[in-house]
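Here is a short report on one protein chain. It covers cores, strands and aromatic pairs, in that order.

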Amino acid sequence: MNILVVGGSRGLGVALVEYGLKQGHRVFATIRNSNAYISRLREQYESLQFIEWDVTDEAAIKQTASELEQKGISFDVIINNAAILNERDNDIEHLDLEATLQAFNINTLGPVRVIKHFLKLIKKNKQSLIVNISSEAGSITNTYAGDYAYGLSKVALNLFTEKLALALKEEDIEVLSIHPGWMHTDMGGKQAPLDPNQTAAAIYQLMSARPTLKDQLHFIDYQGKPMDI
């Protein structure tokens, strides 16, 4: 498969990139900055291609999509993984609204920009899949106090998933929001119980199974269990 991992330089993103490569897939990974681990992967796998842009830069996203289209490259799977977790410690009275807008710009509008310009590349493959990495923080019925910026941006991402799934229902393109679990990453913290490699393996199993959720919402966890919207 040809797989695009948006946000592939650390945490779950790196795990998704490396697992895909080990499975023999051709992986395109977007990064903002390189690091030692990225450099090692670059040297180790010929089937890996890095794309350096930020999900807030629509012009760069559009240009990359056009260049790939000209080369005849299309994708079986697009994984929108890039995200930030900010304003964790601020209650509503101290919430930085500019920082909150930044969370929306990356966590919600980032995937919107990617699909806006890359959809033409995924439509060429039948039974394709779009995965938006979401969070239980995006659940309204099972919410918790705080995390305003992150939670609101993930609720909006889940709605984007539902709208996109309806729009692409006749195109044989499945769209999912996946809660990856609480992982031991820079975002999740050292106390988190899950290894991101564990989550990456489970997500690839879901991708291979191509779950069809005709009569339910498209928000599931990394094990394929329905999540509360």
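In this predicted model, the largest nonpolar core has 33 residues. Leu-16, Val-17, Leu-48, Ile-79, Ile-178, Ile-203 and Met-207 have the most contacts inside this core. Take Ile-203. Beyond its neighbours within four places in sequence, Ile-203 is in contact with Leu-12, Leu-16, Ile-133, Ile-178 and Tyr-222. Another core lies apart from the largest one. This other core has 29 residues, including Trp-53, Ala-165, Ile-173 and Val-175. In soluble globular proteins, nonpolar side chains tend to be buried together.

How many of the residues of strand 1 are buried? Strand 1 spans residues 2–6, and five of its five residues are buried. Asn-2, Leu-4 and Val-6 point one way from the strand. Ile-3 and Val-5 point the other way. In a regular strand the side chains alternate between the two faces of the sheet. Both sets in strand 1 are buried.

Val-5 sits in strand 1. Its relative accessible area is 0%, under the 20% cut-off, so Val-5 counts as buried. Leaving out residues up to four places away in sequence, Val-5 touches Gly-13, Leu-16, Val-17, Val-27, Phe-28, Ala-29, Thr-30 and Ile-79. Tyr-148 is elsewhere: its C-alpha is 26 Å from that of Val-5, and the two are 143 residues apart in sequence.

| Strand pair | Bridges | Example of facing residues |
|---|---|---|
| Strand 1 and strand 2 (residues 26–31) | five | Ile-3 and Val-27 |
| Strand 1 and strand 4 | four | Ile-3 and Val-77 |
| Strand 2 and strand 3 (residues 48–52) | five | Ile-31 and Glu-52 |

Strand 2 and strand 3 pair in the parallel sense. From strand 2 the chain crosses through helix 2 (residues 36–44) to strand 3, and this β-α-β crossover is right-handed. Strand 1, helix 1 and strand 2 also make a right-handed β-α-β unit.

**Aromatic pairs**

The model has four aromatic pairs. The ring centres of Tyr-19 and Tyr-204 are 5.1 Å apart and their planes meet at 40°, so this pair is tilted. Which parts of the chain does the pair tie together? Tyr-19 lies in helix 1 (residues 11–22) and Tyr-204 in helix 6 (residues 196–209), so the pair ties together parts that are 185 residues apart in sequence. Tyr-204 has a relative accessible area of 4% and is buried.

Phe-75 and Phe-118 form another tilted pair, because their ring centres are 6.1 Å apart and their planes lie at 50°. Phe-75 lies in the loop between helix 3 (58–70) and strand 4 (77–80). Phe-118 lies in helix 4 (residues 97–122), so this pair ties together parts that are 43 residues apart in sequence. Phe-75 and Phe-118 are both buried. Ring pairs also link these two with Phe-28 and Trp-53 into a cluster.

Technical notes. Residues are numbered from 1 along each chain as its sequence is written. This is a predicted model: local features need pLDDT of at least 70, side-chain atom pairs count only at pLDDT 80 or more; totals for chains, interfaces and linings use all residues. Side-chain values use heavy atoms; hydrogens and water are left out. Rings of Phe, Tyr and Trp (its six-membered ring) pair if their centres lie within 6.5 Å; planes under 30 degrees apart count as stacked, over 60 as edge-to-face and the rest as tilted. Helices (H or I, at least four residues) and strands (E, at least two) are DSSP runs, numbered from the N terminus. Buried means under 20% relative accessible area, exposed over 50%, partly exposed in between (1.4 Å probe, protein chains only). Two strands pair if DSSP finds at least two bridges between them. A crossover is right-handed if, with the strands pointing away from the viewer, the path from the first strand over the helix to the second runs clockwise. A nonpolar core is a set of buried Ala, Val, Leu, Ile, Met, Phe, Trp, Tyr and Cys residues joined through side-chain atoms within 4.5 Å. Contact means heavy atoms within 4.5 Å.
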